[in-house]
Amino acid sequence: MVAEVIVVEGQVAILPCESTLSSKNTSAETTLLRWFHNRYHKPLYTLDVRHINQQSQSFRWSDNNARHFPSPDYEGRLYLELNSEIPTLRIDPVLFDDHGRYTCQVDFRTSRSVSSYTDLRVISK
């Protein structure tokens, strides 16, 4: 299933990462959470949690030790929101050229990766 987000150019786009909920094995250790845009080969945002002990009860996506790697191509407009149950990618402000399909891929240490997709439609002002 593909989610769709429609936003006016210059506003904020919030893209959900449903992949985190699609994992059948809730005890699987996450290694990376990556966002891709259909026009680029490399990730536009990466969250690396490989070095964090996830067996403890206190593990949260928003752990201060997580490593964040936003793409410089977006000129400081990308933010990964981790305070809710579903991580979201926030693009602020969204430009018309940001339209397209976004993929959120979650990689696990001992399980298969899972992906979710969001089509972003940007309405020109």
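In this tour, Ala, Val, Leu, Ile, Met, Phe, Trp, Tyr, Cys and Pro count as nonpolar, Asp, Glu, Lys and Arg as charged, and the others, Gly among them, as polar. The model on your screen is predicted: local features need pLDDT of at least 70, side-chain atom pairs count only at pLDDT 80 or more, and totals for chains, interfaces and linings use all residues. Residues are numbered from 1 along each chain as its sequence is written, and side-chain values use heavy atoms, with hydrogens and water left out.

**Stop 1: a cavity**

Select Tyr40, Lys42, Pro43, Leu44, Ser71, Asp73 and Tyr74, which line the largest cavity. A cavity is a set of points on a 1 Å grid over the protein atoms alone where a 1.4 Å probe fits but cannot get out, and lining residues have an atom within 4 Å of a point. The lining has four nonpolar, one polar and two charged residues. About 50 Å³ of space lies inside; a volume is the space filled by probe spheres set on the points, which are joined across faces, edges and corners. The count comes to one cavity of 30 Å³ or more.

**Stop 2: strand β4 and Leu47**

Now colour residues 45-48, strand β4, and find leucine 47 there. Strands are DSSP runs of E with at least two residues, numbered from the N terminus. Is leucine 47 buried or exposed? Leucine 47 is buried, with a relative accessible area of 0%; buried means under 20% (1.4 Å probe, protein chains only). Both faces of β4 are covered, with Tyr45 and Leu47 buried on one side and Thr46 and Asp48 on the other.

Next, show the neighbours. Two strands pair if DSSP finds at least two bridges between them. Four bridges join β4 to antiparallel β3, where leucine 33 has leucine 47 as its bridge partner. Strand β5 (residues 67-70) also pairs with β4 in the antiparallel sense, over four bridges, and there histidine 68 partners leucine 47.

**Stop 3: an open sheet**

Move to the three strands that form an open antiparallel sheet in the order β2-β7-β6. At its edges are β2 (13-16) and β6 (78-81), each pairing on one side only. Look between β6 and β7 (residues 88-91) for four bridges; leucine 78 has isoleucine 91 as its bridge partner.

**Stop 4: the nonpolar core**

Finally, select Trp35 and Leu120, which have the most contacts inside the largest nonpolar core, a set of 26 residues. Such a core joins buried Ala, Val, Leu, Ile, Met, Phe, Trp, Tyr and Cys residues through side-chain atoms within 4.5 Å. Strand β8 gives the most to this core, with four residues.

Note on methods:
Buried < 20%, exposed > 50% of the residue type's maximum accessible area, 1.4 Å probe, protein only. 1 Å grid on protein atoms, 1.4 Å probe; cavity = no way out; pocket = protein on both sides within 12 Å on 5 of 7 lines; lining within 4 Å.
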